[in-house]
Structure formats: structure tokens, C-alpha cells
Amino acid sequence: MTEGTKPTGPAGAGRTMANYRAQNFKYDFNNGVACITLNRPDRKNPLTFDSYAELRDMFRAMAFAEDVKAVVLTGAGENFCSGGDVHEIIGPLTKLDMPGLLSFTRMTGDLVKAMRACPQPIIAAIDGVCAGAGAILAMASDLRLGTARSKTAFLFTRVGLAGCDMGACAILPRIVGQGRAAELLFTGRSMTGDEAEKWGFLNRLCSPGELLDAAMSLAKELASGPTFAHGMTKKMLHQEWNMGVDEAIEAEAQAQAICMATNDFDRAYQAFVAKQKPVFKGD
């Protein structure tokens, strides 16, 4: 895995993220997979104003990164993320006026928008504490692997806030169902790893020692696939939330026709004829 300098210049086609140098978390890149590690293990990897903003900007840049094919998001140590740092975020928020508060909540919401808009599949590897904004990061990912000891809590109500934070009331019900989402958002209680898998929040459970390897293996599998088509799948999964069935079928017809014009589609056919495994290149 490599680290390098932060890319410069305006975002655009062909931009590389292989040499991105993170300031507020750990960033590694290998064979098309970017691994983002929230790296404050002594505090259970809380977020700060700066890490929120850098994550938002990085995921926005991913939309133009041709070398990144999949993303793994995880936490250092034995925890995923404890949410917003109590001293560096919660305390200062109590002193802000309404315009300042709205600026902050819009910025955090923009992070979720950036995660949903970037074409690469995002896999969250969740161990231990996954709370508050950390639970939102997991929710906003496309796939989630966890452990039996993971504890996911949308605990905003525990600090006197509403459960409607960073898109939770829109996205969480689509993952676990309206009633279960309402329970989690009203009570702020922790969802165990076994419960999270049963409810569909976690795609599967892994042992703590195998979690990151399993997430990286899945990311590498996706990175070796038809990545342009994966990006289209992600876009349609997101956009079709707001479509009726007829509109969705037409949108998918257009999306699939675009994918049929790609070189990867032709490669798959040629490989099938030759009785070989296709080698996809994402174009």
C-alpha cells in the first residue's frame, strides 16, 4: 500500500487518487481499492470538524478518480467510530448561533450526499462502537460487514437531538424497515451485531480478526468487475428511491443500454465465446 501527495488542480476526468495524502485519517491504496481508516483509536475514532470536511471533499473527488474502483471504510483499533467528538464538536456547537448550526448540519449532510454520489461501492468494516455519526457513515455505505461484538447506535436522541440526522430518516428505513428504524431512532439504543445482521443492516458477520481481510477481499472482487456498470448500479439504487415502478423500468432500460455500449460488455461476450473468464477494465 502506498501514500503520496494530495492531488492538486481542478477535479476532472482522469484524476488519480492513488497518491492522495489524508490529513485527518489514514488512507491506503492498493490495486484499485482505497482503504480509509478513522485513526484515533484512543478515543474510539471520533470525527472532528476537519475530518467531516475532508471526508466530504475526498468522496466528492472520488467521482473523478479513474484509478479507484472500490472503497473500504473502517476504524483503527477495535472500534469503528464513536461519532462526533464531544470536546471538539459537541461543546463548540452549544455556543453557535442558528446560521452556524445550520452550516454545520448541512456540511455533515453533504458528506452523506458525497458518499452516495461517488460511483465506487463503499464497504464499511464495522467492529466495536459504531455510534452517532459513525452509524451514519456505516448507513451511507453500500455494503456493511460487522462482528458479533459490534454495537450500532443512532444515539442522537440520547443527547437531546432528533433522530433525523444526515438522512437517517430517509435511508435507514430502506435498509431495516420503517418500524425497526423508528425504534432505533426514537430510543437511540445499540443494535448488536447479531441483531444488525438479522435486520439486514449488516450483510454478514465476521470474526474480529478476519473483518478487515473480508472487507478488502470483497472490495478487490468488486474492483476486478465491470466497474462502470457497478457505478451505474449504485446510481440507480439511489435514484430509484424517488421513482415509480414504470419510471424506474424506463430509467433502467436507458442505464442498461449505456452499459451495453461499453467495452466491458463486449469483453464479457468474447470471453464467453472463448470459454474464458472476462477481464474487465471499467470502460
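Here are some friendly notes on this predicted model, grouped by region.

1. **Ground rules.** Residues are numbered from 1 along each chain as its sequence is written, and side-chain values use heavy atoms, with hydrogens and water left out. Because the model is predicted, local features need pLDDT of at least 70 and side-chain atom pairs count only at pLDDT 80 or more, while totals for chains, interfaces and linings use all residues.

2. **The sheet.** Helices (H or I, at least four residues) and strands (E, at least two) are DSSP runs, numbered from the N terminus. Six strands make up an open sheet, in the order β1-β2-β3-β4-β6-β9, with mixed pairing. Two strands are said to pair if DSSP finds at least two bridges between them. At the edges sit β1 (26–30) and β9, each of which pairs on one side only.

3. **Two parallel pairings.** Strand β2 (residues 33–38) runs parallel to β3, and six bridges join the two. Along this pairing, L38 stands opposite G75 of β3. Strand β4 (residues 122–126) and strand β6 (residues 143–146) also pair in the parallel sense, over four bridges. There, A124 has R144 in β6 as its bridge partner.

4. How many residues of β3 are buried? Six of its six are, so the strand is mostly covered; buried means under 20% relative accessible area, exposed over 50%, and partly exposed in between (1.4 Å probe, protein chains only). In a regular strand the side chains alternate between the two faces of the sheet. In β3 both faces are covered, with A70, V72 and T74 buried on one side and V71, L73 and G75 buried on the other.

5. **T37 in β2.** T37 is found in strand β2 and counts as buried, at 11% relative accessibility. Leaving aside residues up to four places away in sequence, T37 is in contact (heavy atoms within 4.5 Å) with F25, K26, T74, G75 and A76.

6. **Aromatic pairs.** Rings of Phe, Tyr and Trp (its six-membered ring) pair if their centres lie within 6.5 Å; planes under 30 degrees apart count as stacked, over 60 as edge-to-face and the rest as tilted. By this rule there are four aromatic pairs. One of them joins Y20 and Y27: the ring centres are 5.1 Å apart and the planes meet at 65°, so the pair is edge-to-face. Both Y20 and Y27 are buried. Ring pairs also link F49, Y52 and F104 into a cluster.

7. **F154 and F201.** Why is the pair of F154 and F201 edge-to-face? Their planes are at 90°, with the centres 6.2 Å apart, so the pair falls in that class. The pair links distant parts of the chain, 47 residues apart: F154 is in the loop between β7 (151–153) and α5 (168–176), and F201 is in the loop between α7 (193–199) and β9 (204–205). Both F154 and F201 are buried. R144 lies over the face of F201, at 4.9 Å from the ring centre; a charge sits over a ring if NZ of Lys or CZ of Arg is within 6 Å of the ring centre and within 35 degrees of the ring normal.

8. **Helix α1.** Ten of the 14 residues are buried, so α1 is largely enclosed by the rest of the structure. Among them are Y52, L55, M58, F59 and M62, along with E54 and R56.

9. **N79.** N79 lies in the loop between β3 (70–75) and α2 (86–93) and, at 16% relative accessibility, counts as buried. A polar atom of its side chain is 2.9 Å from the backbone nitrogen of V129. Beyond residues up to four places away in sequence, N79 touches K44, N45, D127, G128 and V129.

10. **G84 and H87.** G84 is also found in the loop between β3 and α2 and is partly exposed, with a relative accessible area of 22%. H87 lies in helix α2 and is exposed, at 63%. Not counting residues up to four places away in sequence, H87 touches R43 and P92.

How values were computed: Polar contact = N/O pair within 3.5 Å; in protein donor to acceptor, adjacent residues only side chain to side chain.
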